[in-house]
Amino acid sequence: MTTPMHVNPQEEQLFLATLQDCLQTDNTKRAAAEQVYQDIPDEKKGILLMSTICNTTRGVPIRSMASIMYRRLIQSQFENFWPKYTPEQQMMLKKELLTRLIQVDDDEDIRKKICYIVAELAKNLMDENDQSKWPEVLDFLFQSANSPHSSLKESALIIFEAFPGIFGSQAEQLTQIIHQIFLNCLSDQEKKVRYTAATAFAAYLKDNAENTQLMNIYRDCLPPFLSTITHSLANSDDDTVLKALIDIAENTPKYIRPAIDEVFTLCLHAMEQKDDFEESRRHLALEVLVTLSETASAMVRKVAKKYMNKLVPQLLEMMVDLDDESDWSTKDIIEDEEDDSNAVVGESSLDRLACALGGKTMLNYILTTVQTMLRNPDWRYRHAGLMAISATGEGCHKEMAVLLDDLVNGILVFLKDPHPRVRYAACNALGQMSTDFQGTFQKKFHAKVIPGLLSILDDHENPRTQAHGGAALVNFAED
């Protein structure tokens, strides 16, 4: 092992003992060790951390912790300690980091953390003209990205993802080379390389979101990027690639335009895999479509006719996924529905889609499905139908205003529904409409709505529904 600079063996042993105690579960011991660590001067700390990371005879947990602490040190104290090293010491430290990454047999998690240290150091070694003061790291990136070793390709891509601006002012003249790296790695034989390339690519596009010309250069990376997502859905539990698609939908949605049909088809198919996929994965696929609708609504409206008749019923079906809790209506302490439950995700997605795409695009699909649900003998469908009307008012305001008479008369019926949670949902819809259609709603419907909600206040057996009727009355009166 090469040590970046002289480390006193005794000091090193003490330092290792301190790091070990920082991993303790005993709060007193840990706090004492953290204080000892804080008191070590930063420039010495940097040397000792580096020495720990590089010593492969140490255990993975301790090297892993040293890697995290070294990255934090660079993030928060760079100006305080780095200039105190001589140019030779700085050179040794930089060289040692890259040397560690070339050791392809090292622990995968440690290697990843060292990549993050390299990215952080590279970020801090950019001068005011956006020129890198660490040219060797760029050589390392290019050589590793073209290496036959998949772990080296991965390392290059992880550094690139953590710091997409690593090429600084040279980025433009290196466009062709960077483009070729992405094109090759997105089609690599190793799936890990492809998956890492996909997340790095999303980070790179985000970093260059304003550069339309660059987006055009990278058009040919879209097919391998999408086939990488398809592969990850079919062959892996790894959702990082799907999350990369959400990042692109959020930051550079226009990049997806040539493949909008493919993206909708892919995500709808993933949402339909109820037996094969975890709920969280189906929610991510939905998030791609909702995010795209929010960031590129005009683009999505053009294809909405093809897909909303599939997407809207899926959302409403998610809203039906409720448990019948026997003590629901008498619970005193209400636990919020989990944010990641199907019912919550379905309802918030419907709300966001309605706001993003508007009533002309959305309302018909929603009402068609809701009308069928409200006739269903299963209370969960009637509940979901009414909650859907609540969620839609804000986004489809103009189109719903014309239908208010029919909608209100339809909802009032459910204040007498045999199930307390359906009555609750009817109160919810009326309360929400009082806010969304404030003024008009109160003038037109007070004679029907107030007696209806007052009748709910007599429901002493179901205090939770009763309270919601009261809340809806407050909403009604607020104007």
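User: Which helix does Lys123 lie in?

Analyst: In this predicted model, Lys123 lies in helix H6.

User: Is Lys123 buried or exposed, or partly exposed?

Analyst: Lys123 has a relative accessible area of 38%.

User: What is Lys123 in contact with, leaving aside neighbours within four places in sequence?

Analyst: Under that condition, Lys123 is in contact with Ala162 and Phe163. There is also a C-alpha to C-alpha separation of 9.6 Å between Lys123 and Pro164, although the two are 41 residues apart in sequence.

User: Staying in this part of the chain, where does Asp130 lie?

Analyst: Asp130 belongs to the loop between H6 and H7. With 39% relative accessibility, Asp130 is partly exposed.

User: What is the phi of Asp130?

Analyst: The phi of Asp130 is near 65 degrees, which is a positive value in a residue other than glycine. For context, most residues other than glycine have a negative phi.

User: New topic: how many cavities of 30 Å³ or more are there?

Analyst: The count comes to one cavity of 30 Å³ or more. The volume of the largest cavity is about 60 Å³.

User: Which residues line the largest cavity?

Analyst: The lining consists of Leu141, Ala145, Ala156, Leu157, Phe160, Phe167 and Ile181. Helix H7 (135-145) and helix H8 (150-162) are the elements that give two or more residues to this lining. The largest share, three residues, comes from H8.

User: How much space lies in the second largest pocket?

Analyst: The second largest pocket holds about 470 Å³ of space. Of the 21 residues that line this pocket, Lys112, Glu161, Thr196, Thr199 and Thr240 are the closest to its centre.

User: Which elements give two or more residues to the lining of that pocket?

Analyst: Those elements are helix H6 (108-124), H8, helix H10 (191-207) and helix H13 (240-251). H10 gives the most to the lining of the second largest pocket, namely seven residues.

User: And what is the division into nonpolar, polar and charged residues in the second largest pocket?

Analyst: Its lining divides into six nonpolar, six polar and nine charged residues.

User: Let us move to the largest nonpolar core. Which of its residues touch the most other members?

Analyst: They are Tyr70, Ile166, Phe182, Phe225 and Met433, out of 165 residues in this core. Helix H17 (residues 342-374) gives the largest share of the core, 14 residues. At least three residues come from each of domain 1 (1-133) and domain 2 (417-478).

User: How far apart do the C-alpha centres of domain 1 and domain 2 lie?

Analyst: The C-alpha centres of the two domains are 61 Å apart.

User: What does Tyr70 touch, not counting residues up to four places away in sequence?

Analyst: Tyr70 touches Gly46, Leu49, Met50, Ile53, Phe81, Trp82, Leu93 and Ile117.

User: Last one: where does Phe414 lie, and is Phe414 buried or exposed?

Analyst: Phe414 is in the loop between helix H20 (404-412) and helix H21 (420-436). Phe414 is buried, with a relative accessible area of 11%.

User: What is Phe414 in contact with, leaving aside neighbours within four places in sequence?

Analyst: The contacts of Phe414 are Leu374, Arg382, Leu386, Val422, Arg423 and Ala426. Phe414 and Leu374 are 40 residues apart in sequence, and their C-alpha to C-alpha separation is 9.1 Å.

Technical notes:
Residues numbered from 1 in each chain as written. Predicted model: local features only at pLDDT ≥ 70, side-chain atom pairs only at ≥ 80, totals over all residues. Heavy atoms only, no water. 1 Å grid on protein atoms, 1.4 Å probe; cavity = no way out; pocket = protein on both sides within 12 Å on 5 of 7 lines; lining within 4 Å. Points joined across faces, edges and corners; volume = space filled by probe spheres on them. Helix = DSSP H or I, 4+ residues; strand = E, 2+ residues; numbered from the N terminus. Nonpolar A, V, L, I, M, F, W, Y, C, P; charged D, E, K, R; others polar. Core = buried A, V, L, I, M, F, W, Y, C linked by side-chain atoms within 4.5 Å. Buried < 20%, exposed > 50% of the residue type's maximum accessible area, 1.4 Å probe, protein only. Domains from an automatic or database assignment. Contact = heavy atoms within 4.5 Å.
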